[in-house]
Amino acid sequence: MKKTDSMEIQTYPLSMREVTIAYHRKPVLWEVNLDIPAGKLVGLVGPNGAGKSTMLKAIMGLMPLLSGSVHLFGKSYAEVRHRVAYVPQRESVDWDFPASVLDVVLMGFYGRIGWLGRITRQHQQQAMEALERVGMAEYAQRQISQLSGGQQQRTFLARALTQPADLFLLDEPFAAVDASTEQALVHIMRSLQQAGKTIMVVHHDLHTVPEYFDYLVLLNMRVVAAGPMESTFHQENLQKTYGGKLTILEQVSEAIRNREAP
Amino acid sequence: MNGSDILVQILRVITLQDYNTRMVMLGTGLLGAATGVIGVFLLLRKRALLGDAISHATLPGVCLAFLIGVANGGSGKSMSMLLLGAAATGLLGGLAILGLRQFRRIKEDAALGIVLSIFFGLGILLLTLIQQIPEGHAAGLEGFIYGKTASMIAEDAMLIASVTSCVLLLALLLYRPLQLLCFDEGYAASQGWPVLWLDGLLMALVVAITIVGLQAVGLIMMIALLVIPAAASRFWTHQLPKMLPLSAALATLSCLVGATISAITPRVPSGAAIVLIAVGIFLVSMFFGKARGIYWNWLRNWKLKSSYDREHLLRDLYELVELERDQKKLGKQALTDISIPVDVIEKRRLWSHGRMLRLLYRLQLQGLVLMQGKDLVRFTASGCKEAERLTYDHRLWELYLMTYADVDPMRVDRSADDTEHALDPEIIGSLKAIIDKEWNGEFPPSPHPLESTEQGGAKR
């Protein structure tokens, strides 16, 4: 690696080099090279199965890399974990779990208080402030099994907001939420951005992409294009991402799988 | 044994007169508490059947330990050896499941089935072998399968008590990590919690509980004690901090009562007794549990439904009276004077005659209507007022739906019917503000022909 390159890596909140990931031997991400500048509101966009969620998981070290490296603020994820807040897909958990909204938000502190730490009144205060921000303060004591989809998403975002993070990773926060929740989420993301944070959001709806984000990563098993919204969001790139089958990559991926696991 | 002997025996057991009984009760009680707590986590992690596979996987270990003991010239009944054997194959079984799931693409349920049947089959095979040994003192081993608190001695109980106390302590110390693991594995991992190790720890706790529980509950019924109290406690509360002690208490109760039964009638396997008590508790919880019991649910629905019926009937009667008045051009005061035949109301609802009469008699008891014989009904003054309010709200809502939600006028009555009960005074207030402007505060007529209301066929 050239010296200038390593200098650059240190300045980026997120930097991926030659990252390849395979799931059950089937490659899902190919040689991803990506640098996300600080303070951007980034849309991570691509068709189903393009590897968007996988990419978030890889960034947090939840997926083994076949090759390549991921750096956050120039360091490994384990070193800067406290600077990253993750909002998983809300369908990834069972909302019938016996807990209140406040209980879930307080989970945002568990990473910091450690194995035997205690939740203090100050933590509760901060959790309530986070709930206030997402407009859920009055639901703090509500059982999570009674929440609507939008309220579930707000609860998850509130949990992330309790973390003093510089990079926020959101996995499909807009999936099946009501319009007012969508607006509230966008509003909060913008205020985070104004506070100098970097936000990366997996998103599905192409119509709202240019409106919500100012930086775009188009993904379909590889990074098709990445850059500022104005110069990246255009027909040709979208065509490359969505249009036509990604025949060659798809075929090679199939072939590898067939050969290795008959 | 005559009746008074039995009474004396029962008294001896429940007043804990001898040292052995006291220790056995203490041991099984603590076993219950620890099993109840671990069971909750196991259930929330959706790994309940893992406990079943582990407990079944202990059988070959018990048999092997016995055989090794006999081969070395002993009786083979050293408790610590037997439990050590149980722990070895139990752990092996658990690891086999995790391994199959992790590294081969076998789904969890299949992995569980495979491991459970292989280990248990092996155990049964060994047990048959043991029974053919001429010395033939294999009888004690059956206690491990069905549970036999009666054969427990104070030392066994001490072992149970110390292991379960450790398990209990560990589970409570690690309450937060375990809670997070059970609720949101992905987030836990992103926060740096060692998810794999936590799962392994949970499994180790299950193994520890299962091993010391073998004597009391038996390996077949162990899963019941892990799952049933935990599932029962969910019917009473929506909060984990309350679910844990409740599940522990229910499991302890089952264990103590079951052990008592087994102490009084030594031929009853304590495992069966304990589980039957637990099932009884579960059934009571399922029906009467405050948080989501069937009875409370049913009662809530019944109350809602009868309030809907009441509102519908009052409004039907009001609209019929109103129609009659307008057709005959009677004055406004006449509303309480007009009687309506019951079968005319009946045509507007798909209710049976019996249900209609029951509802009408209930309204009469509330002083809202007056029945004239069995066929005619009219309003009292207060009934008319109440019905007028309901009708007014209904029409506001209908008008709103038609004007602002583009609902078809011919269907608006039905959609309003289904939703209007949720309208609280605050919403009615804002509806009023919107609609009143168009009607200058007058009582709006029905926005659709009233005769047509029930022609949509069976919708209810």
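Colleague: Which side chain of chain B meets that of Asp96(A) in a salt bridge?

Modeller: The model is predicted: local features need pLDDT of at least 70, side-chain atom pairs count only at pLDDT 80 or more, and totals for chains, interfaces and linings use all residues. Side-chain values use heavy atoms, with hydrogens and water left out; residues are numbered from 1 along each chain as its sequence is written, and chains are lettered from A and ligands numbered from 1 in the order in which they are written. A salt bridge here is a side-chain nitrogen of Lys or Arg within 4 Å of a carboxyl oxygen of Asp or Glu. For Asp96(A) the N to O distance is 2.8 Å, and the partner is Arg292(B).

Colleague: Which three residues supply 27% of the area that chain B buries against chain A?

Modeller: Contact (heavy atoms within 4.5 Å) is made by 27 residues of chain B with 30 residues of chain A. The two chains bury about 2,700 Å² between them, 62% of it on carbon and sulfur atoms, where buried area is the accessible area (1.4 Å probe) that two parts lose on being put together, summed over both. The three residues of chain B that supply more of its share than any other three are Arg176(B), Phe183(B) and Tyr187(B).

Colleague: Which element gives the most residues to the side of chain B that touches chain A?

Modeller: The interface has four salt bridges and twelve residue pairs in polar contact, both at pLDDT 80 or more. A polar contact is a pair of N or O atoms within 3.5 Å; within protein, one must be able to donate a hydrogen and the other to accept it, and residues adjacent in sequence count only if both atoms are side-chain atoms. On the side of chain B, the elements giving two or more residues are α8 (175-183), α9 (185-190) and α12, with helices (H or I, at least four residues) and strands (E, at least two) taken as DSSP runs numbered from the N terminus. With six residues, the element that gives the most is α8(B).

Colleague: How many of the nine residues of α8(B) are buried?

Modeller: Buried means under 20% relative accessible area, exposed over 50%, and partly exposed in between (1.4 Å probe, protein chains only). Among the buried residues of α8(B) are Tyr175(B), Pro177(B) and Phe183(B). The helix is largely enclosed by the rest of the structure, because the number buried is eight.

Colleague: Is Thr252(B) buried or exposed?

Modeller: Thr252(B) sits in helix α12 (residues 240-264) of chain B. Beyond its neighbours within four places in sequence, Thr252(B) is in contact with Gly29(B), Gly32(B) and Ala33(B), and a polar atom of its side chain lies 3.2 Å from the backbone nitrogen of Ala33(B). Its relative accessibility is 19%, so Thr252(B) counts as buried.

Colleague: How far apart are the end C-alpha atoms of helix α2 of chain B?

Modeller: In α2(B), 20 of the 26 residues are buried. The expected span of a helix is 1.5 Å times one less than its number of residues. For residues 19-44 that should come to 38 Å, and the end C-alpha atoms agree, at 38 Å.

Colleague: Which residue forms a salt bridge with Asp35(A)?

Modeller: The closest N and O atoms of the pair are 3.2 Å apart, and the partner is Arg17(A). The pair links distant parts of the chain, with Asp35(A) in strand β2 (residues 26-36) and its partner in strand β1 (residues 14-23), 18 residues apart. Asp35(A) counts as partly exposed at 21% relative accessibility.

Colleague: Which side chain joins that of Asp166(A) in a polar contact of 2.8 Å?

Modeller: Asp166(A) is in the loop between α7 (149-161) and β6 (167-170) of chain A, and is partly exposed, with a relative accessible area of 23%. Not counting residues up to four places away in sequence, Asp166(A) touches Phe73(A), Arg83(A), Lys197(A) and Thr198(A). The polar contact of 2.8 Å is with the side chain of Arg83(A).
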